[in-house]
Amino acid sequence: MPNALPFKRLTTNSTEWITVYIEGQPVKIRQGDSAAAAVLVAGLQPSRTTVVSGSGRAPYCMMGVCFECLLKIDGVENVQGCMTPACDGMQIVSQQQARQLNRTDFSDSDLSSANLSNKNLTDKKNEDPSV
Amino acid sequence: MTQFSTDSQRRADVCVLGGGIVGLAVALGLQRNGLSVTILDEGDSALRASRGNFGLVWVQGKGDTLPEYAAISRLSAQLWANHAQQLKDATGIDVQLQQRGGLFLCLSEPELRERQAMLTRMRVAAGGDYPFETLDLQQLREFIPEAGPEVAGATWGPEDGHLNPLLYLRAMTEHFLQRGGKIDNSGKISRIEPTDSGFTLTSDAGQWHGDQVVLAAGLGNRDLAPQVGLSAPLVPNRGQVLICERVKPFLNYPTGHVRQTNEGTLQLGDSKEDVGFDPGTTTDVIAKIAHRASQMFPLLRDVRLIRAWGALRVMTPDGYPLYEASKQYPGAYLVTCHSGVTLGALHEGPIADWIASDRTELPLEVFNAKRFTL
């Protein structure tokens with residue numbers, strides 16, 4: 001993958017080099033770099049597409065606020081890349097629009113948990129759910 | 001913000017106090033009746049229930065001890081499609097109204113049976129015309145396959161729905177301004193003085209005059225109502241709401257506790273807390289809401305929570321609205337409720353028509369504050 005972006009490393013940074021895989025391609029980064037930094041080094045553009053319109057996005061604030069750096073990391077979707085330290089062998093791919101929650105298979109669990117009572121609820125019978 | 005420099009700019013046929021969902025809906029309906037309207041809004045130091053609500057257009061179970069409330073809630077739900085369409089035509093803003101029915105999930109068999117009994121009583125009170133169904137878990141999963149094994153069942157209300165409440169607020173604001181309405185949010189109205197020709201309203205930023213005045217200031221009505229011979233014995237009731245990351249759609253119907261927006265955001269509610277004027281959040285309540293939602297839909301167990309907020313409901317002692325005209329000072333009206341979204345179409349329509357004409361076919365006599373002093 002081309003190193004398309006003009007980022008330069010500080011020479012004071014002397015940690016070990018590790019390898020992560022971005023869209024399947026190996027990329028050398030420093031131990032301690034975030035997953036978002038890795039996609040910037042790799043020049044992955046866009047690194048996600050938005051949920052509603054599908055337009056492209058890339059890491060922006062790098063401090064956990066803007067949610068533009070969402071990535072699929074080791075199979076888990078919607079991970080904030082800037083808040084995730086990269087590790088050797090990590091598989092990083094772009095986040096394509098909305099996350100798919102894992103559907104639940106209830107075929108066995110119905111029987112095993114059907115007797116669980118519910119002790120933590122504060123619902124009243126006539127609860128009016130709207131505000 | 002609009003600057004009001006001359007006296008003529010500070011006069012209107014009607015001054016509406018409160019620029020939230022309730023005040024704007026009434027104001028739009030008054031404009032439709034040909035009246036000039038100024039909204040006097042406290043500004044963002046106000047409690048802002050309209051920014052914190054859940055967005056349900058909800059009918060089932062409302063008014064179980066007051067058939068008139070059930071009737072006006074259903075009437076508003078029926079008027080909603082037209083209300084949303086008019087806002088869209090005027091502003092281009094789609095408030096994302098969806099009225100395909102809604103579900104109230106119950107986590108125990110006794111809870112489900114009690115709810116079924118309540119809705120059955122409401123059906124009897126409505127002379128048989130009160131649509132709902134009780135679903136067991138298997139039937140519920142035909143609507144929502146992801147309902148979890150701890151769910152006993154649900155009640156289905158075909159007239160229920162939801163929308164995006166922030167888009168609703170914005171659409172009404174834009175439409176009101178398009179029609180020449182004025183919004184001043186330079187401070188709280190501290191004094192209302194009845195005069196020979198209407199009412200003089202005073203804030204730190206100056207004075208306004210309205211031939212009529214509508215109190216739609218939520219919990220702020222408590223202090224305003226007595227100044228025009230009305231009473232608004234309202235109390236705050238806190239609800240906390242959780243917002244999760246956007247995920248692919250799995251919830252095609254709103255439920256009483258969980259809904260998914262058009263964009264995929266999951267919204268989890270809610271709590272009912274008597275904590276005074278504290279709109280904050282607490283970890284224990286957030287945990288409880290998250291736990292209950294993941295019991296209802298186990299696939300939520302690993303969904304990410306993005307933020308949470310608290311907002312204060314505007315509650316009367318019996319939970320029902322206040323619609324009342326001042327006898328002592330004709331021209332002063334009180335409009336307040338905790339379900340400003342559901343009742344929005346009613347407020348823009350028949351409630352505004354009542355204020356504009358002083359006549360109505362709605363059973364408003366049951367919604368005055370005298371019921372609390374009997």
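How many Å separate the centres of domain 2 of chain B and domain 3 of chain B, taken over C-alpha atoms?

**Before selecting anything**

This is a predicted model, in which local features need a pLDDT of at least 70 and side-chain atom pairs count only at pLDDT 80 or more, while totals for chains, interfaces and linings use all residues. Residues are numbered from 1 along each chain as its sequence is written, and chains are lettered from A and ligands numbered from 1 in the order in which they are written.

Colour the model by pLDDT, the predictor's confidence in each residue on a scale from 0 to 100. Chain B has a mean of 96, with 98% of its residues at 70 or more, and chain A averages 82, with 76% of its residues scoring at least 70. Within chain A, select residues 110-131, where the pLDDT is below 50, although this stretch has 45 contacts in the model beyond near neighbours in sequence; two residues are in contact if their C-beta atoms, placed from the backbone, lie within 7 Å. For the complex, the predictor gives an ipTM of 0.78 and a pTM of 0.90.

**The domains of chain B**

Now select chain B and colour domain 1 (8-53 + 166-234 + 318-372), domain 2 (102-158) and domain 3 (235-315) separately; such bounds come from an automatic or database domain assignment. The centres of domain 2 of chain B and domain 3 of chain B, taken over C-alpha atoms, are 21 Å apart. Their contact takes 12 residues from domain 2 of chain B and 12 residues from domain 3 of chain B. On the side of domain 2 of chain B that touches domain 3 of chain B, strand β4 (residues 102-106) of chain B gives the most, with four residues; strands (E, at least two residues) and helices (H or I, at least four) are DSSP runs, numbered from the N terminus. That side of domain 2 has eight nonpolar, two polar and two charged residues, where Ala, Val, Leu, Ile, Met, Phe, Trp, Tyr, Cys and Pro count as nonpolar, Asp, Glu, Lys and Arg as charged, and the others, Gly among them, as polar.

**Helix α9 of chain B and its partners**

Next, select helix α9 (residues 344-357) of chain B together with helix α1 (residues 21-32) of chain B, whose axes come within 7 Å and cross at roughly 55°. Axes here are lines fitted to C-alpha atoms, for helices over the stretch in contact, and angles run from 0 to 180 degrees between N-to-C directions. The two helices α1(B) and α9(B) are therefore oblique to each other, given that angles under 35 degrees count as roughly parallel, over 145 as roughly antiparallel, 65 to 115 as roughly perpendicular and the rest as oblique. Residues to show in this contact include B:V22, B:A25 and B:V26 of α1(B) and B:I351, B:A352 and B:I355 of α9(B). By class, the contact of α1(B) with α9(B) has 10 nonpolar, four polar and three charged residues.

Among the residues making the contact are B:L75, B:L79 and B:W80 of α3(B) and B:A345 and B:L346 of α9(B). The contact of α3(B) with α9(B) divides into six nonpolar, four polar and one charged.

**Backbone stops**

In chain B, select B:G269 and B:D270, whose peptide bond is cis, with omega near -25°; B:D270 is in the loop between β14 (265-268) and α8 (283-296) of chain B. In chain A, a cis peptide bond joins A:Q45 and A:P46, with omega about -10°, and A:P46 lies in the loop between α1 (35-42) and β3 (48-49) of chain A. Finally, select A:M62, which has a positive phi of about 60° although it is not a glycine, in the loop between β4 (56-57) and β5 (70-73) of chain A. Most residues other than glycine have a negative phi, and most peptide bonds are trans.
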